[in-house]
Amino acid sequence: MPEAEAPARKRIATAWLGGCSGCHMSFLDLDLRLIDLLAAADLVFSPIADIKAFPEGVDLTLVEGAVANEENLELAHRIRANSRIVASFGDCAVTGNVTSLRNHLPVEELLTGLYKAGSGSVPRSGEGAEILPELLPRVLPLHQVIAVDAFIPGCPPDPDRIWAAVTALLDGRPVPSVEGERTFG
Amino acid sequence: MRVADLKTMAEQESAALAVFRARLLVCYSAPCLAAGADAVREALEKEVAGRGLAADVQLVSTGCLGPCSRGPMVTVSQPGQADAVYEKVTPETAVAILDHHASQGPPADGFRMSPENPFLTRQMRVALANCGLIDPERIEDYIARGGYGGLAHALHELDPSEVCFEIKHSGLRGRGGGGYPTGLKWNLVRKAPGAKKYVVANGDEGDPGAYMDRTLMESDPHRVLEGMAIAGYAVGAEQGFIYVRGEYPVAAQRLDKAIKAAERLGLLGSRVLESNFNFRIDIRIGAGAFVCGEETALMASIMGLRGQPVPRPPYPAQKGLWGCPTLINNVETFGNVPDIVSKGSDWYAASGTPKCRGTKVFALCGQVENTGLVEVPMGMTLREIVYDLGGGIPGGRAFKAVQTGGPSGGCIPASHLDTPVDYEGLQQLGSIMGSGGFIVMDDRSCMVDVARFFMEFCLDESCGKCVPCRAGTVQMHRILTRITQGKAGPDDLEKLEALCEMVRDSSLCGLGQAAPNPVLSTLRWFRDEYEAHIHEKRCPAGVCRLTPSEGGER
Amino acid sequence: MPVVTLTINDELVSALDGELLLKVIREQGVKLPTLCHLDGLSERGGCRLCMVEVEGIHRLQSACTTAAREGMVVRTHTDRLVSYRKMILELLFAERNHVCAVCVMNRHCELQDVAAKAGVDHVRYDYLATGLPMDTSHERFGLDQNRCILCGRCQRVCDEVEGAHTWDVMGRGAGSRVITDLNHPWGESRSCTSCGKCVQVCPTGALFNKGVTVSEMEKEPEFLTRILEGREKKQWSR
Ligand SMILES: Cc1cc2nc3c(=O)[nH]c(=O)nc-3n(C[C@H](O)[C@H](O)[C@H](O)COP(=O)(O)O)c2cc1C
Ligand code: SF4
């Protein structure tokens with residue numbers, strides 16, 4: 001078959017912002033279905049694949065985690081620019097969840113008390129330090145930073161739910177919403 | 001006291017007043033006091049005593065006359081002459097005024113408000129008829145001007161259904177904001193089954209900038225009491241409550257004094273004017289919550305409960321205070337009643353528009369030459385109020401909008417200045433008449449900022465019972481703040497509008513239902529200003545300081 | 001009581017005159033979400049989730065406080081109502097800290113359940129991230145203001161069923177807080193009988209038994225109708 005007529009392979013990506021990686025663990029729990037998925041699509045960026053830069057021309061990106069620091073923010077914008085469909089993947093991306101618990105805490109005070117002036121080791125954040133990215137004033141759910149096309153709630157989302165969402169999105173359908181299987185928060 | 005005694009007393013009072021060569025009425029309400037009315041009165045007292053004029057000249061401390069930005073005000077009333085009104089009176093000019101009127105000195109015309117000033121001539125004072133002309137602490141002053149004549153007429157010449165009919169026929173509608181026909185409401189309560197009924201006067205007046213009811217209660221308290229007593233007779237109630245905003249201690253004091261004076265004369269209490277009608281009035285003081293002006297919350301507050309609204313129906317007319325049928329009207333509504341009964345409903349119905357009879361008091365404020373209280377016939381256009389009575393915009397600046405109805409109202413642009421003022425007319429423009437707030441804005445007002453201000457008021461005053469109002473006002477305010485700071489995103493306007501509609505449609509009480517009005521009306525007439533803030537990060541009026549930012553700052 | 005006929009979602013339905021619409025609607029098998037309503041307590045009409053459209057009435061009506069009348073034409077799930085309900089739920093999630101993943105009521109919470117059923121999959125409004133205090137002074141129960149949706153159930157059950165009126169609300173608007181006695185610590189309350197009814201009726205994790213951790217708290221608000229029926233029948237033991 002000439003190459004042009006082959007059904008184009010989809011390019012999917014997953015990203016890990018401010019979260020615990022539990023959603024990715026649940027993603028891995030797709031088990032054998034991962035093989036089906038990779039038969040139909042290439043995984044072009046993911047914390048579970050060693051790829052340094054977020055590529056262009058991605059069909060679907062699942063984003064785990066909330067936007068908590070400068071690096072998350074930058075990556076979120078790059079993801080948006082380079083992906084056709086962006087899905088908030090799991091509760092931290094959808095609501096901010098545990099990551100956002102710090103929003104009502106005096107972060108600067110805690111950092112100073114615990115690390116900078118306390119007994120902990122000094123995190124080298126701030127100007128000039130390239131090791132730790134600067135924290136944002138508030139942790140935000142992904143859709144408050146970039147436009148998000150689909151939401152997959154859950155802490156973490158159940159593998160069946162992930163599978164249903166991913167296959168639907170790759171097919172150009174909305175995330176199925178089966179009453180009884182829905183959860184929020 | 002019998003009816004005949006009332007007449008005798010009125011005649012005696014008038015005769016006693018006729019003895020004076022001149023009566024000097026010094027306005028003693030808050031704006032004039034703040035401008036120095038105290039010193040004016042002191043100077044006059046000293047002068048009168050010094051010249052031995054006590055028998056010829058009477059000094060009276062009165063309530064508010066209206067042109068509040070021009071105080072201290074002094075009015076001179078002389079037999080056979082039109083009243084002379086003086087503005088911005090100092091102790092020195094007060095002496096000159098006294099000189100002219102009591103001792104044939106030269107006229108103090110420099111300080112005299114022109115009798116042709118439209119602020120004076122274009123008003124039609126019914127509810128405010130006595131304000132500024134009587135001593136509110138003397139019941140005799142009120143009686144001398146025909147006070148309690150309406151009550152006497154009702155008790156002795158009309159039966160309760162006839163009183164209700166008179167009120168209905170007058171076309172009077174509620175002045176508390178809703179505009180519900182007062183006669184209909186009275187009849188509902190009259191017909192509602194129940195051994196006990198109540199009458200409530202709503203003097204909570206929480207709209208920022210409004211002081212119509214305050215002035216009425218402070219300057220002519222007996223008029224309100226008389227209106228309530230007539231209502232009590234008409235609906236079959238023996239107990240009335242007047243709910244006074246906590247920030248109005250003077251009003252409460254004067255009402256208290258007035259109730260006692262009326263009781264002493266048998267005009268309130270048992271066997272009023274020697275009829276079989278008993279009517280007592282008690283004062284209840286609010287504690288500073290706007291929502292307690294809402295009738296169901298107000299009644300909860302009177303009953304000693306948390307001042308929170310409950311869903312209607314049942315309406316107060318069916319189930320009000322302690323489950324009994326209750327008539328609740330605004331203070332100004334009651335203020336119109338005595339004259340309707342004594343002069344007849346035809347007389348009242350002759351003014352105003354076919355759908356809105358009579359007059360309305362407005363608190364003119366903002367960017368107009370003459371701020372103050374005015375009472376005008378319904379149907380006067382906004383333009384006449386702003387330019388004739390208000391004297392136009394100071395400094396020759398351009399008129400931009402007038403905000404009516406306070407936090408529940410909206411902004412009306414220059415293109416609709418020729419709208420006649422009545423309930424329906426203002427509603428069609430996305431505003432409301434409300435209780436009478438009237439804020440004029442010139443080209444230096446940012447309409448987004450105005451909407452934000454009122455939203456802040458509503459979020460602060462929401463009682464918190466229902467989610468749309470409690471949480472929706474907070475989010476609307478955040479979006480408005482973002483817009484005025486230049487931090488709004490392109491989808492914020494859509495989000496704001498959706499919230500406005502939801503909060504309007506689903507809130508439990510009028511506070512939440514009307515809270516989006518300032519936003520919706522400014523969006524309707526001044527959408528370009530919102531867009532300039534959002535897309536161009538620019539405030540056309542130059543009010544907002546915009547510091548644009550890229551996301552991440554919520 | 002006379003019987004009336006009304007129309008609910010284009011179907012003719014009979015009801016007693018004056019019967020509350022919510023009951024009539026639910027009897028038809030129509031699912032109408034509620035949070036402040038609870039069988040056995042007085043109606044409040046505060047959450048606004050059960051609002052319906054009634055032909056001829058301009059405003060939306062809360063079904064829990066509206067009486068059935070002859071000839072009423074009621075709609076329960078128009079596009080407008082469905083979208084308003086979603087917005088209201090989103091506002092509740094944004095208002096305080098409902099971080100479900102670390103809540104004792106996770107998976108048993110009425111707010112979560114209602115939101116999921118209404119199809120909420122994200123919140124469009126700013127999370128306000130309140131850092132309100134907790135009250136764990138009571139021997140057996142705890143209060144987390146951050147999970148409170150101000151439905152007023154605790155107040156009503158304590159006042160109307162237990163007769164203690166320990167709970168009330170202070171402040172207003174978004175600053176409203178449920179309080180015990182005159183804002184004294186719950187553990188020091190002299191009116192609280194420690195009956196635990198408030199905990200059982202609380203729809204979220206705001207009131208909980210001490211000692212439970214994430215997802216461990218389960219409640220049984222239906223106990224209320226059981227004890228109220230028992231009272232009626234003077235049945236003092238199970
Ligand atoms: C939030 C809110 C505040 C109100 N405040 C007042 C008020 O301060 N004074 C008043 O007379 N009516 C107020 N009202 C209107 C009253 O609920 C009620 O309609 C009115 O007192 C009836 O009197 P009326 O028919 O004479 O106008 C308010 C309504 C709402 C919803
Ligand atoms: S609309 Fe606002 S003020 Fe009225 S009941 Fe609801 S929360 Fe309270």
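**Contacts between chains, domains and ligands**

User: What makes the meeting of B:Arg478 and C:Asp126 a salt bridge?

Analyst: In this predicted model, the side chains of B:Arg478 and C:Asp126 come together with a distance of 2.9 Å from N to O. A salt bridge requires a side-chain nitrogen of Lys or Arg within 4 Å of a carboxyl oxygen of Asp or Glu, and therefore the pair B:Arg478 and C:Asp126, at 2.9 Å, is called a salt bridge. The count between chain C and chain B is five salt bridges, and the rule also finds 20 residue pairs in polar contact across that interface, both residues being at pLDDT 80 or more.

User: Which elements of chain C supply the side that touches chain B?

Analyst: Helix 2 (79-95) and strand 8 (167-170) of chain C are the elements that give two or more residues to that side, and the largest share, eight residues, comes from helix 2 of chain C. By class, the side of chain C that touches chain B holds 16 nonpolar, six polar and eight charged residues.

User: How much area do chain C and chain B bury between them, and on which atoms?

Analyst: Chain C and chain B bury about 2600 Å² between them, with 53% of it on carbon and sulfur atoms. In chain C, the residues that lose the most area to chain B are C:Leu91, C:Asp126 and C:Arg172, which together make up 25% of what that side buries. The contact takes 30 residues from chain C and 33 residues from chain B.

User: How many salt bridges are there between chain A and chain C, and what else is found across their interface?

Analyst: The count between chain A and chain C is zero salt bridges, while the rule finds five residue pairs in polar contact across their interface, with both residues at pLDDT 80 or more. On the side of chain A that touches chain C there are eight nonpolar, eight polar and three charged residues. The area buried between chain A and chain C is about 1800 Å², of which carbon and sulfur atoms give 61%, and A:His104, A:Arg182 and A:Phe184 supply 33% of the area that chain A buries against chain C, more than any other three residues.

User: What separates domain 1 and domain 2 of chain C, and what is buried between them?

Analyst: The domain assignment of chain C gives domain 1 (3-77) and domain 2 (102-232), and their C-alpha centres lie 26 Å apart. Domain 1 of chain C and domain 2 of chain C bury about 1200 Å² between them, 63% of it on carbon and sulfur atoms. In domain 1 of chain C, C:Leu35, C:Leu38 and C:Leu41 lose the most area to domain 2 of chain C, together 50% of what that side buries.

Terms used: Residues are numbered from 1 along each chain as its sequence is written. Chains are lettered from A and ligands numbered from 1 in the order in which they are written. This is a predicted model: local features need pLDDT of at least 70, side-chain atom pairs count only at pLDDT 80 or more; totals for chains, interfaces and linings use all residues. Side-chain values use heavy atoms; hydrogens and water are left out. Domain bounds come from an automatic or database domain assignment. Buried area is the accessible area (1.4 Å probe) that two parts lose on being put together, summed over both. Contact means heavy atoms within 4.5 Å. A polar contact is a pair of N or O atoms within 3.5 Å; within protein, one must be able to donate a hydrogen and the other to accept it, and residues adjacent in sequence count only if both atoms are side-chain atoms. Helices (H or I, at least four residues) and strands (E, at least two) are DSSP runs, numbered from the N terminus. Ala, Val, Leu, Ile, Met, Phe, Trp, Tyr, Cys and Pro count as nonpolar, Asp, Glu, Lys and Arg as charged, and the others, Gly among them, as polar.
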